Amino acid sequence: MPHAETAGVEATPRTRLRWWTELPLILLVYACYSAGRLLARGDVSTAVDHGLAILDIEKALYLNAEHPLNRLFTREPWLGVPADFWYASLHYLVTPVLLVWIFRSRTVHYRAARTWLMTSTFIGLIGFTLLPTCPPRLLAESHGFVDTMAQYSSYGWWGGAASAPKGMGGMTNQYAAMPSLHVGWALWCGVMLWRYGGTRLTKVAAVAYPLITTIVVMGTANHYFLDAAAGAAVMGVGLLLAPYVMRTADRVRARFGAEVAPVATASGGTVAIGTRETVTVASDDASSSIVSGGCQTSAGERIPRQRESRFGSGAEPSASPQDAGDGAPAPAR
């Protein structure tokens, strides 16, 4: 009967994150983000009502930063054009660049940072679905807002449909304004720069980037102030939920990793090998004799205490060619 023995079990270290597994995950989340914005179009009249309700709340709270900023960006092209470029491009560039930077140089912190960003993004999708909101630039002219991206569209690649390229306005949801993930992602970038930048310049950028982004989204009439505040709140909730998301992912991984699969050995037996265990199998052709329980075995004996079972207690076998093995000299008579 084949004999197998487990020499020891060792826990393998946690598998290091690899870019070829991270990139598809990030692309999947971004695809869900884009698809969610398209699917959650909502009713236009409902979106307009939500936008007007936000304006009423801001008036009641004496918050009216959108109008003066929008008038300034509309009147001064040297401010309005850069602001449009900022709004249309930077959140697609800065956020992934920082993700790559953390992955390469701050690997220990990458998983928590990535989970925080993704969790907050999914929360934002819930907001887009439940609360479609008309941005200020799409309200009636009587409300006093000007779409700066439409006004300065000749300077960039966008048209009248927010930051979507010209001719592709139908591929975006212009009513996905609450919360503002432009502000939310910029806040995430600011926190990452502040915590892991290590230089005075990165500290300044950590404060300036989310602050300027907040000003830009209001000045271009793409978001209300409360949209920006909601974007920051979403990031706060995502930060609180990220540890629970990681623990849940660890439990799921451990549950599937604990399952064992039978693996056939060379001698025809099977041993169960888990993903986190190292198993050593002693085959029939092993050159060393098995020692167990303090009982020695000699060549040709495979079972400990075999000698004691063949000869009585205290009896020794006689030296004979059969016991001595082939080729051994015969005892003298």
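**Surface, fold and charged pairs**

Tutor: The protein chain exposes about 19800 Å², and carbon and sulfur atoms supply 63% of that area. Accessible areas come from the Shrake-Rupley method with a 1.4 Å probe; for residues, only the protein chains shown count as cover. This is a predicted model: local features need pLDDT of at least 70, side-chain atom pairs count only at pLDDT 80 or more, and totals for chains, interfaces and linings use all residues. Residues are numbered from 1 along each chain as its sequence is written, and side-chain values use heavy atoms, with hydrogens and water left out.

Student: What share of the residues count as buried?
Tutor: Of the 333 residues in the protein chain, 35% do. Buried means under 20% relative accessible area, exposed means over 50%, and partly exposed is in between (1.4 Å probe, protein chains only).

Student: How many helices and strands are there?
Tutor: The protein chain has 11 helices and 2 strands. Helices (H or I, at least four residues) and strands (E, at least two) are DSSP runs, numbered from the N terminus. The order from the N terminus is α-α-α-α-α-α-α-α-α-β-β-α-α.

Student: What does helix 4 look like?
Tutor: Helix 4 covers residues 77-105, which is 29 residues. From first C-alpha to last, helix 4 reaches 39 Å, close to the 42 Å expected at 1.5 Å a residue. That expected span is 1.5 Å times one less than the number of residues.

Student: Where is the kink in helix 4 centred?
Tutor: On Leu90, with a kink of about 50 degrees. The bend at a residue is the angle between axes fitted to the seven residues ending there and the seven starting there.

Student: New topic. Is Glu58 buried or exposed?
Tutor: Buried, because its relative accessibility is 1%. Glu58 lies in helix 2, residues 44-60.

Student: What is Glu58 in contact with, leaving aside neighbours within four places in sequence?
Tutor: Leu63, Glu66, Tyr224, Phe225 and Leu226. Contact means heavy atoms within 4.5 Å. Tyr224 is 166 residues from Glu58 along the chain, yet their C-alpha atoms are separated by 8.8 Å.

Student: What share of the contacts with a separation of 6 or more link residues 24 or more positions apart?
Tutor: In the protein chain, 75% of them.

Student: How many disulfides are there?
Tutor: The count is 0, where a disulfide is a pair of cysteine sulfur atoms within 2.5 Å. Cys134 is buried at 1% relative accessibility, and Cys189 is buried at 0%.

Student: And how many salt bridges?
Tutor: The count comes to 4. A salt bridge is a side-chain nitrogen of Lys or Arg within 4 Å of a carboxyl oxygen of Asp or Glu.

Student: Which residue pairs with Asp147?
Tutor: Arg137, at 3.3 Å from N to O. Both Asp147 and Arg137 lie in the loop between helix 5 (107-130) and helix 6 (148-151), so the pair ties together parts that are 10 residues apart in sequence. Asp147 is buried at 13%, and Arg137 is buried at 8%.

Student: What about Asp250?
Tutor: Asp250 forms a salt bridge with Arg253, the closest N and O atoms being 2.9 Å apart. They sit 3 residues apart in helix 9 (residues 225-257), so about one helical turn separates them. Salt bridges that share partners join Arg111, Asp250 and Arg253 into one network.
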